[in-house]
Amino acid sequence: MKRIGIVDLGSNSVRMSIIWVEHDHSYHMIEQAKSIVRLSEGMSEDANLSTKAMERTKSALGMFKKLASVHQVDEVRAVATAAVRQANNRDAFLQLVKEETDWELEVISGEDEAYYDYLGVANTMDLKNFVLMDIGGGSTELAWVENRKIKKAVSLPLGAVLLTESHFPGSQVSQKGLKAARAMFDQVLDQVDWLKEAKSLPLVGLGGTWRSIGKLDRAATRNSIQRIHGYAMDRKTTLEWLDVLWGMSLKDRAKAKGISASRAEVIVGGIVPIERVLKKMKPNQVVISANGVREGLFYESYFKMLGKPLVVENVLDHSLANTVKRYHEEDHHLIHLDQLTSTLFDTLKKEYHFTEKDRRLLYAAIRLHDIGMRVDYFNHQDHSFYLTLNTNIYGLSHRELVQVAWIAGSHRVDRKLHQNMRLYAGYINDEEKQRIFQLSALLMIAEQLDRAEDGRVTSLQADLTDRSLNLLVGSQEPIDLELDSAKRAAAVFRKAYRRTLIIKEQA
């Protein structure tokens, strides 16, 4: 068991995450803290950190030090990015931090910052080829990822705070300031010659500016999933939001749903890099990541501790495995359900046009269907539905996550999801609803055939006829309970498949 603290000091804010690694190597966050310190405030004039900014930051880090002590953190890794690496008086600041916290604040390069962003994204998003864009207060990092490996990375010395202070005094937008900010950013962006080779790839956006845009769109479209990680938009919609933000006053931005008052002051500078990259790269999709440097630093420490590669081979498999351990699910039961549902799935696949994506959704739902038991046995399927939507399951799009939650939450014979599914209607069309109904019926049958969770059903033969699905169940032990329970799913099966479910015990 180990508790790891990660501190990321940027130009605008400082954040801390504390992650608990259990004895079984599962992990989850137990604390997160943030403080707006505006470390780079006024830096554009002489490249020196101001005394006030340093004192604000020192005070925030001192509080984080106490927080780490309260949680008995075993190891703290603290890094500083653009503001500190660009400051002429950085040594004095580092000494100030050392005296206050006893932490050796590590100043990482822009390329290292892009690399840790990459680790944070590649381990939590199921994307093969993409461009990553992290907009900080004092810099913007770009990375080109191909076949899930980082190919090129660059750090541009312009970020939200610096562009706002230089061209948008009082955080007010003028055409003159906008033109100058665009020209300034284009000058450094034009030096990134590889960006044209990555044209049309998905663009993954990191940082507070990106998250704010995603939250604005989520509020406008009334999407019910609260997590912003993995939130996807098209390029046209993203550009429209930039125009909306530039047209707002500072007061209006501060009132907008999804934008904090502190973010409202610097977001006008942050959206300049977004606009320029969108117009130059023309990505086929924009995906927002809530994970970046801190998560990347954690994954580096975690996987090195286990002696494993720093990037997982399969994001969904890794995330599900971690969740199964966290909720203390029994592997042998889940594996047996895999076997039983695979027999049913393969028998029905051709007739009902099941795809490998459907198999993947069913596989995920199997691992999540009983996590609600950790809340309570009664209505645990409802709890599983809620926890699936609100646990960090990586490797699924928001649309897929809703579908998996619905399958997992519908595995009981007397299933009645209490949640109002109309809240998630935008994620599922009629065809997908029918498919979810069919897949959940398979999980329901398999769950009943392993009612004792001891794998006593040792064989399952399935035969599909024009009117029925005939199951022949074999076991060396009594399975009266399993057979009776599985037969109770016959009505659900008929409704889902328009066929009769016939279950017999092998002689």
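This is a predicted model: local features need pLDDT of at least 70, side-chain atom pairs count only at pLDDT 80 or more; totals for chains, interfaces and linings use all residues.
Mentor: Residues are numbered from 1 along each chain as its sequence is written, and side-chain values use heavy atoms, with hydrogens and water left out.

Trainee: Is Phe 378 buried or exposed?

Mentor: Phe 378 is found in the loop between α15 (356–368) and α16 (380–390); helices (H or I, at least four residues) and strands (E, at least two) are DSSP runs numbered from the N terminus. Buried means under 20% relative accessible area, exposed over 50%, and partly exposed in between (1.4 Å probe, protein chains only). Because its relative accessibility is 60%, Phe 378 counts as exposed.

Trainee: What is the volume of the second largest pocket?

Mentor: On a 1 Å grid over the protein atoms alone, a pocket is an open set of points where a 1.4 Å probe fits, with protein on both sides within 12 Å along at least five of seven lines, and lining residues have an atom within 4 Å of a point. Grid points are joined across faces, edges and corners, and a volume is the space filled by probe spheres set on the points. For the second largest pocket the volume is about 390 Å³.

Trainee: Which element gives the most to the lining of the second largest pocket?

Mentor: The lining has 20 residues, of which Gly 230, Val 287, Leu 396, Ser 397 and His 398 lie nearest the centre of the pocket. At least two lining residues come from each of β10 (231–233) and α17 (398–409). With three residues, the element that gives the most is α17.

Trainee: How many residues of that lining are charged?

Mentor: Asp, Glu, Lys and Arg count as charged; Ala, Val, Leu, Ile, Met, Phe, Trp, Tyr, Cys and Pro count as nonpolar, and the others, Gly among them, as polar. In the lining of the second largest pocket, seven residues are nonpolar and eight polar, and the number charged is five.

Trainee: How many salt bridges are there?

Mentor: A salt bridge is a side-chain nitrogen of Lys or Arg within 4 Å of a carboxyl oxygen of Asp or Glu. By this rule the count is 30.

Trainee: How far apart in sequence are the parts that Arg 77 and Glu 106 tie together?

Mentor: Arg 77 and Glu 106 form a salt bridge with their closest N and O atoms 3.2 Å apart. Because Arg 77 lies in strand β4 (residues 75–80) and Glu 106 in strand β5 (residues 106–107), the pair ties together parts whose separation in sequence is 29 residues.

Trainee: In which helix does Glu 300, another partner of Arg 77, lie?

Mentor: Arg 77 is buried at 17% relative accessibility, and Glu 300 is buried at 10%. The closest N and O atoms of their salt bridge are 2.4 Å apart. This pair ties together parts 223 residues apart in sequence, because Arg 77 lies in strand β4 and Glu 300 in helix α12 (residues 293–306).

Trainee: What is the phi of Ser 171?

Mentor: Ser 171 lies in the loop between α6 (160–167) and α7 (175–189), and at a relative accessible area of 9% Ser 171 is buried. Although Ser 171 is not a glycine, its phi is positive, at about 60°.

Trainee: Is His 353 buried or exposed?

Mentor: His 353 is not a glycine, yet it has a positive phi of about 55°. The residue lies in the loop between α14 (331–352) and α15. Because its relative accessible area is 61%, His 353 is exposed.

Trainee: What distance separates the C-alpha atoms of Leu 239 and Ile 274?

Mentor: Leu 239 belongs to helix α9 (residues 235–246) and, at 18% relative accessibility, counts as buried. Ile 274 is 35 residues from Leu 239 along the chain, and their C-alpha separation is 8.5 Å.
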